[in-house]
Amino acid sequence: MKISFENPDKINGLLTLTVEEADYQNEVENTLKDYRKRANIPGFRPGQAPMGMIKRQMGTQVKMDAINKILGEQLQNYIAENKIHMLGQPMAAESQEAVELEKPAPYVFKFDIAIAPEFDIELTKKDKVDYYEIAIDDALIDKQVEMFASRAGHYEKAENFEPEKRDMLKGDLRELDENGNTLEGGVTVEAAVMMPQFIKVDEQKQLFDGAKLGDIITFNPRKAYPENDAEVSSLLKINRDEVAQHTGDFSYQITEISRFVNAENNKELWDNVYGQEADIKDEKEFREKISEGLKGQLEGDSNYKFIQDLRAYTEKKVGELQFPDALLKRIMLANNQDKGQEFVDKNYEQSIKELTWHLIKEKIAVANEIKIEDADVRESAIFMARIQFAQYGMNNVPEEYLNNYADEMLKKRENIDSFVEAALDRKLAAKVKEIVKLNTKKVTLDEFNKLIEQAQ
């Protein structure tokens, strides 16, 4: 097989492969012989059909399969051996002429190859990048204590309704007629649960201000929850398509008021948050444990912002890169045929921005011998599992559970790329912080969050 490669502008490559009969002949003959052995053709004993008949029936297809196999192998081998930094996959060249396999070899196949642009990026102590260190102060720890106490809280009976304390009401709902009397045959719901602080319309919400046990409140559910038939149907225990038939007022007699009370800051709470094995003896140790956890969490947030700032810094340092736009758009369209050209036109510019950053990260990683191992990908999965459990207030999840949850996430192929990227970002941040000069800025969590919002 003859292979030639043209790359005149450094980013558009043309790979030409000339396939001779000798390249595929043995593969075709062996496949046809194997098929003849297994063929069960009427009029012939198994394995005894004439080879000429087998060739007429299967020859062209077998030949095509053999050539496709050879093309795939030779393409990948050539690209790997010649260290061609290819973007996407090879595409049949626009200059490709029709190949007639019925005619004798040679056959010429041409492929357009998108080549990554060449550029240099070196980081040293002369490079200065911002790094935001989030202060862990008493106010931040207090918020964390409040959050833990809230998650472990409970409801107690109360006499008066106070919306700011997340009070929950229970009462009897009755539909009223136009004169304010109970509507005969109207909707009635006993022990209906309400949290008036979530009513969308202030005029209706204020009707519950100062309410006490036994009070009867007259309000309009449809006005209280405008354009939310699901909320109204849930409250009135009716189907959504029936909501439009009940637009009038309802009476609501309060039979119970429950007030949410935070858990006390004591041993029970500490064990609930971190487990008995943590053996937290007093509030000071509890706050120290919170501070320790916040340090790891906030360092991850700081590293996330550092990677964002590193991206902006290196993209400016590298400058605008030239890409084979026409070819990359063809590749993008081929990978998104169900979405069409409109999708490509809308998303191509952003995809090039992401590709530029990916190439920069790749170059920095190679220069600093940063490699992503299976253990790094697994660490990313475990970290994500820990975050997801923490969102539900579960901070003392056993390692066995974290590992099992991570295993399940790793079974899904669509998760792997994000875990690899997370691992690369983590190792990249650690390494680059050792190389460049950090412009360290201490900020509060609120200040840091505003920076993140501004960057989005």
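Me: What does helix 9 lie across, and at what angle does it run to strand 3?

Reply: In this predicted model, helix 9 lies across strand 2 (12-19), strand 3 and strand 4, and runs at about 80° to strand 3. Helices (H or I, at least four residues) and strands (E, at least two) are DSSP runs numbered from the N terminus, while axes are lines fitted to C-alpha atoms, for helices over the stretch in contact, with angles from 0 to 180 degrees between N-to-C directions. Residues are numbered from 1 along each chain as its sequence is written. Because the model is predicted, local features need pLDDT of at least 70 and side-chain atom pairs count only at pLDDT 80 or more, whereas totals for chains, interfaces and linings use all residues, and side-chain values use heavy atoms, with hydrogens and water left out.

Me: Why are helix 9 and helix 10 called oblique to each other?

Reply: The axes of helix 9 (residues 325-335) and helix 10 (residues 340-367) come within 10 Å and cross at roughly 120°. Angles under 35 degrees count as roughly parallel, over 145 as roughly antiparallel, 65 to 115 as roughly perpendicular and the rest as oblique, and helix 9 and helix 10 are therefore oblique to each other.

Me: Why are helix 7 and helix 8, by contrast, called roughly parallel?

Reply: The axes of helix 7 (residues 267-274) and helix 8 (residues 283-318) come within 10 Å and cross at roughly 25°, so that the two helices are roughly parallel to each other. Their contact is made by Leu269, Trp270, Val273 and Tyr274 of helix 7 together with Glu283, Phe286, Lys289 and Ile290 of helix 8.

Me: What makes strand 1 and strand 3 edge strands?

Reply: The open sheet of four strands has the order 1-2-4-3, with antiparallel pairing, where two strands pair if DSSP finds at least two bridges between them. Strand 1 (2-6) and strand 3 (86-92) each have a single partner strand, so one side of each is left without a neighbour in the sheet.

Me: How do you know that strand 3 and strand 4 pair?

Reply: Strand 3 and strand 4 (residues 107-115) are joined in the antiparallel sense over four bridges, and methionine 86 stands opposite isoleucine 115 in strand 4.

Me: What is the mean pLDDT of the chain?

Reply: The mean pLDDT, the predictor's confidence in each residue from 0 to 100, is 90 for the chain, and 97% of its residues reach 70 or more.

Conventions: Contact means heavy atoms within 4.5 Å.
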